[in-house]
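Here are my notes for you to read alongside the model.

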Amino acid sequence: MAEEQPPALGSDTDQDQQLRDEQGHLVLRSPEQFKALGHPLRHRMVNVLRQRPATLRQLSDALGMSKGTIGYHVRVLREAGLVRLAETRQVRGGTEQYFALVSQSFRLHEDAVVGPEFLINAALGEMLPSGPGEASHAALRHLWLTDAEAHALEARLRAMAAEPQPTDPVHGQPYGLLVSFFRADVPSLPPDEQS
């Protein structure tokens, strides 16, 4: 098996290191990355590629689209620095190319022009209606916290979301987990004079 590196973009190695955080997550910041991920089909392709590298034919079969359409969208993801050519294999009809994500996980840069709404829209695009007996939960809750309590809860949520989870696409079903902790636009009542 021959392995190919991502296409050169000048100082690709230096640039790649700058785009990753200390946990190895690819840090999303550029408009090209958000434009690439903002398209519903490309977002689905990224989720499929989280399972393992795949060929255009495999992606085409999984997503129910033509190989030409898949090839175009893979090219957009590659140009945005999200997907790379992982390996090539010689087969009877020529060369088979396997594409992989440059990182198994992404996170938004704090200076990114998009924010939580990008993640919320992505989650909404993935959500399937719950069937009978399927696990599902959604809730919106408001808490009144001090700054110290808010920071402590944020740290707990970050740790929970970062926990590695078992992945078995053969025997398991995909579920999404969207964790959002935010300052809410809810006015506070003044103290009740009757109490």
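**Salt bridges and one serine**

1. Let's start with the count: there are three salt bridges, where a salt bridge means a side-chain nitrogen of Lys or Arg within 4 Å of a carboxyl oxygen of Asp or Glu. Keep in mind that this is a predicted model, where local features need pLDDT of at least 70 and side-chain atom pairs count only at pLDDT 80 or more, while totals for chains, interfaces and linings use all residues. Residues are numbered from 1 along each chain as its sequence is written, and side-chain values use heavy atoms, with hydrogens and water left out.

2. Take arginine 75 and glutamate 79, which form a salt bridge with their closest N and O atoms 3.9 Å apart. Both belong to helix α5 (residues 67–79), and because they are four residues apart there, about one helical turn separates them. (Helices here are DSSP runs of H or I, at least four residues, and strands are runs of E, at least two, numbered from the N terminus.) How open are the two partners? Arginine 75 is partly exposed at 45% relative accessibility, and glutamate 79 is exposed at 59%. The cut-offs: buried is under 20% relative accessible area, exposed is over 50%, and partly exposed is in between, using a 1.4 Å probe and protein chains only.

3. Next, look at arginine 158 and glutamate 154, whose salt bridge has its closest N and O atoms 3.0 Å apart. Helix α7 (residues 147–162) holds both of them, four residues apart, or about one turn of the helix. Arginine 158 is exposed, at 57% relative accessible area, whereas glutamate 154 is partly exposed at 27%.

4. Then there's the pair arginine 89 and glutamate 87, with a salt bridge at 2.9 Å, N to O.

5. Finally, find serine 103 in the loop between β3 (94–101) and β4 (106–108). Which residues does serine 103 contact, leaving aside neighbours within four places in sequence? They are Arg20, Gly24, His25 and Leu26, with contact meaning heavy atoms within 4.5 Å. The serine 103 side chain also reaches the backbone nitrogen of leucine 26 at 3.4 Å. As for valine 83, it sits 20 residues from serine 103 along the chain, and their C-alpha atoms are 8.3 Å apart.

Conventions:
Polar contact = N/O pair within 3.5 Å; in protein donor to acceptor, adjacent residues only side chain to side chain.
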